Amino acid sequence: HQSFTRMIPNFLTLLNLCAGTTAIRFALSDRFEEAVAAILLAGVLDLLDGGMARLLRAGSKLGAELDSLADLVSFGVAPGVMVYAWTMHTAGGIGWVPTLLFCVCATLRLARFNIAQDNMTEPQWAYSFFTGLPTPGAAGILMLPMVLAFQYPDGAFNNVLLNGAFMVGAALMMVSRVPTFSLKGGRVPHKYVLPMLLLFCLVVGFAVEAPWATLTVVMVLYMASIPFSLFAHRRQQRRLSAELASTQTDGGA
């Protein structure tokens with residue numbers, strides 16, 4: 001038997017899946033603002049289920065598999081279908097190709113992540129980074145032109161070439177070896193806890209007043225953080241190499 005409390009993370013994961021599937025329904029009904037909101041809800045639930053699993057010590061193989069399947073639907077299939085229904089369908093069969101590419105790369109990204117989780121031999125600092133773009137991040141980048149179109153309806157953000165480029169770029173970043181910051185594995189020093197809480201409240205306040213503008217700023221900042229994550233990862237690698245070389249030198253002496 002399993003207690004109800006230990007099943008809470010799986011319930012959250014299934015809610016994540018339901019939100020992603022509902023986003024597809026909204027997109028097929030041309031209700032794209034509601035579709036983006038459903039993906040955002042799926043992202044929040046994705047953060048919560050892992051945190052609850054660790055808090056309740058309720059991690060399981062079933063939960064890990066459910067999480068990957070839900071992420072594939074909510075951040076791989078659903079955003080691709082949304083952008084296809086929004087603009088890529090106007091290019092005919094050619095517009096379907098980058099959509100398929102995005103879904104396939106999301107699948108490969110999650111499969112690689114699962115394999116890495118089964119072979120955790122990395123140093124502790126490595127868990128502050130993802131290898132490649134995580135699927136929620138890729139979904140956010142993919143939806144950025146759509147979110148901009150909500151704010152500027154007269155702009156050219158529904159351009160097929162622009163959205164195709166975002167789709168292909170996000171897809172390739174998912175299967176790349178580029179390190180990106182991981183919020184799940186990162187640790188916040190005590191002196192930054194209060195400023196982080198205040199910043200979170202500030203972001204929530206802006207999100208209530210201007211949700212699409214706030215989401216745009218967050219996604220642009222996230223994209224801008226990728227070069228910094230690459231620099232930070234390489235610095236950690238150089239530090240580890242220097243420590244290993246020093247250890248070998250001391251051992252030889």
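The model is predicted: local features need pLDDT of at least 70, side-chain atom pairs count only at pLDDT 80 or more, and totals for chains, interfaces and linings use all residues. Residues are numbered from 1 along each chain as its sequence is written, and side-chain values use heavy atoms, with hydrogens and water left out.

**Chain overview**

- The chain holds 8 helices and 2 strands; helices (H or I, at least four residues) and strands (E, at least two) are DSSP runs, numbered from the N terminus.
- Along the sequence these elements come in the order α-α-α-α-β-α-α-β-α-α.
- Of the chain's 253 residues, 37% count as buried, where buried means under 20% relative accessible area, exposed over 50%, and partly exposed in between (1.4 Å probe, protein chains only).
- Contact means heavy atoms within 4.5 Å; among contacts between residues at least 6 apart in sequence, 82% join residues at least 24 apart.
- The accessible surface is about 14800 Å², with 69% of that belonging to carbon and sulfur atoms; areas come from the Shrake-Rupley method with a 1.4 Å probe, and for residues only the protein chains shown count as cover.

**Helix α5**

- Helix α5 runs over residues 135-151, and its 17 residues should span 24 Å at 1.5 Å a residue; the expected span is 1.5 Å times one less than the number of residues.
- Most of α5 is covered, as 15 of its 17 residues are buried.

**Threonine 180**

- Strand β2 (residues 179-181) contains threonine 180.
- Threonine 180 counts as buried because its relative accessibility is 1%.
- A polar atom of the threonine 180 side chain lies 2.9 Å from the backbone oxygen of glycine 132.
- Leaving aside residues up to four places away in sequence, threonine 180 touches several residues, including Phe129, Leu133, Pro134, Tyr222 and Ile226.

**Salt bridge**

- The whole structure has 1 salt bridge, defined as a side-chain nitrogen of Lys or Arg within 4 Å of a carboxyl oxygen of Asp or Glu.
- Arginine 31 forms a salt bridge with glutamate 34, and the closest N and O atoms are 3.7 Å apart.
- Arginine 31 is partly exposed because its relative accessibility is 34%.
- Glutamate 34 is partly exposed, with a relative accessible area of 34%.

Methods: A polar contact is a pair of N or O atoms within 3.5 Å; within protein, one must be able to donate a hydrogen and the other to accept it, and residues adjacent in sequence count only if both atoms are side-chain atoms.
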